[in-house]
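The sequence and the model are shown first.

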Amino acid sequence: LIPALSLEQSPDRVIRQGQSVNLSCSKRKSASYSLFWYKLPLGKDSRLILVASAIPGGKADVEEDFRSRLKSSGIEGDGMTLSIEHAFLNDSGTYFCAESETQWLGC
């Protein structure tokens with residue numbers, strides 16, 4: 001059995017166009033888990049879109065479609081921050097943090 005870790009996200013918030021916001025996600029226990037930010041756009045046929053990911057000890061990788069206004073801290077301590085700068089209407093949606101056990105590839 002793999003022990004379940006739980007994540008804490010920043011509380012729900014609504015921002016207006018042009019505003020900036022920092023979203024935070026933290027693990028309750030320190031472990032070698034990668035963290036991810038996903039966006040669920042508005043609309044009934046929406047699907048989760050990967051926004052950013054980070055492995056422990058590494059920099060965050062923000063997906064190309066989001067790099068112009070979104071930035072991520074990478075994993076710092078037990079958490080990861082996603083910053084949305086000068087939000088536009090197409091940034092609307094629900095943002096989720098997720099974790100996954102880090103897979104190390106040997107050479």
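Predicted model: local features only at pLDDT ≥ 70, side-chain atom pairs only at ≥ 80, totals over all residues.

Strand β3 covers residues 33-41 and runs antiparallel to β8, to which it is joined by nine bridges. Strands of a sheet pair through backbone hydrogen bonds, in either a parallel or an antiparallel manner.

## Disulfide

The structure contains one disulfide. The disulfide is formed by cysteine 25 and cysteine 97, with 1.9 Å between their sulfur atoms. Cysteine 25 belongs to strand β2 and cysteine 97 to strand β8, so the pair links distant parts of the chain, 72 residues apart. A disulfide is a covalent bond between the sulfur atoms of two cysteines.

The torsion about the S-S bond of cysteine 25 and cysteine 97 is about -70 degrees, and the disulfide is therefore left-handed. Both cysteine 25 and cysteine 97 are buried.

## Salt bridges

Three salt bridges are found in the whole structure. Side chains of opposite charge can pair when their charged atoms come close. In the salt bridge between aspartate 91 and arginine 69, the N to O distance is 2.6 Å. Aspartate 91 lies in the loop between β7 (79-84) and β8, and arginine 69 in the loop between β5 (61-62) and β6 (70-76), so the pair ties together parts that are 22 residues apart in sequence. Aspartate 91 counts as buried because its relative accessibility is 7%, under the 20% cut-off. Arginine 69 is also buried, with a relative accessible area of 18%.

Lysine 71 and glutamate 85 form another salt bridge, at 4.0 Å from N to O. This pair links distant parts of the chain, with lysine 71 in strand β6 and glutamate 85 in the loop between β7 and β8, 14 residues apart. Lysine 71 counts as partly exposed at 41% relative accessibility, and glutamate 85 counts as partly exposed at 30%. Arginine 67 forms a salt bridge with aspartate 61, where the closest N and O atoms are 3.6 Å apart. Arginine 67 is partly exposed, with a relative accessible area of 46%; aspartate 61 is partly exposed as well, with a value of 38%.

## Largest pocket

Rolling a probe the size of a water molecule over the atoms shows where empty space is left. The largest pocket holds about 490 Å³ of space. Its lining is made up of 21 residues, and those nearest the centre of the pocket are Arg13, Val14, Gly93, Thr94 and Tyr95.

Strands β2 (21-27) and β8 (93-101) each contribute at least two residues to the lining of the largest pocket. Strand β8 gives the largest share of that lining, three residues. By type, the lining residues of the largest pocket comprise 11 nonpolar, six polar and four charged.

Conventions: Residues numbered from 1 in each chain as written. Heavy atoms only, no water. 1 Å grid on protein atoms, 1.4 Å probe; cavity = no way out; pocket = protein on both sides within 12 Å on 5 of 7 lines; lining within 4 Å. Points joined across faces, edges and corners; volume = space filled by probe spheres on them. Helix = DSSP H or I, 4+ residues; strand = E, 2+ residues; numbered from the N terminus. Nonpolar A, V, L, I, M, F, W, Y, C, P; charged D, E, K, R; others polar. Disulfide = S-S within 2.5 Å. Buried < 20%, exposed > 50% of the residue type's maximum accessible area, 1.4 Å probe, protein only. Salt bridge = Lys/Arg side-chain N within 4 Å of Asp/Glu carboxyl O. Pairing = 2+ DSSP bridges.
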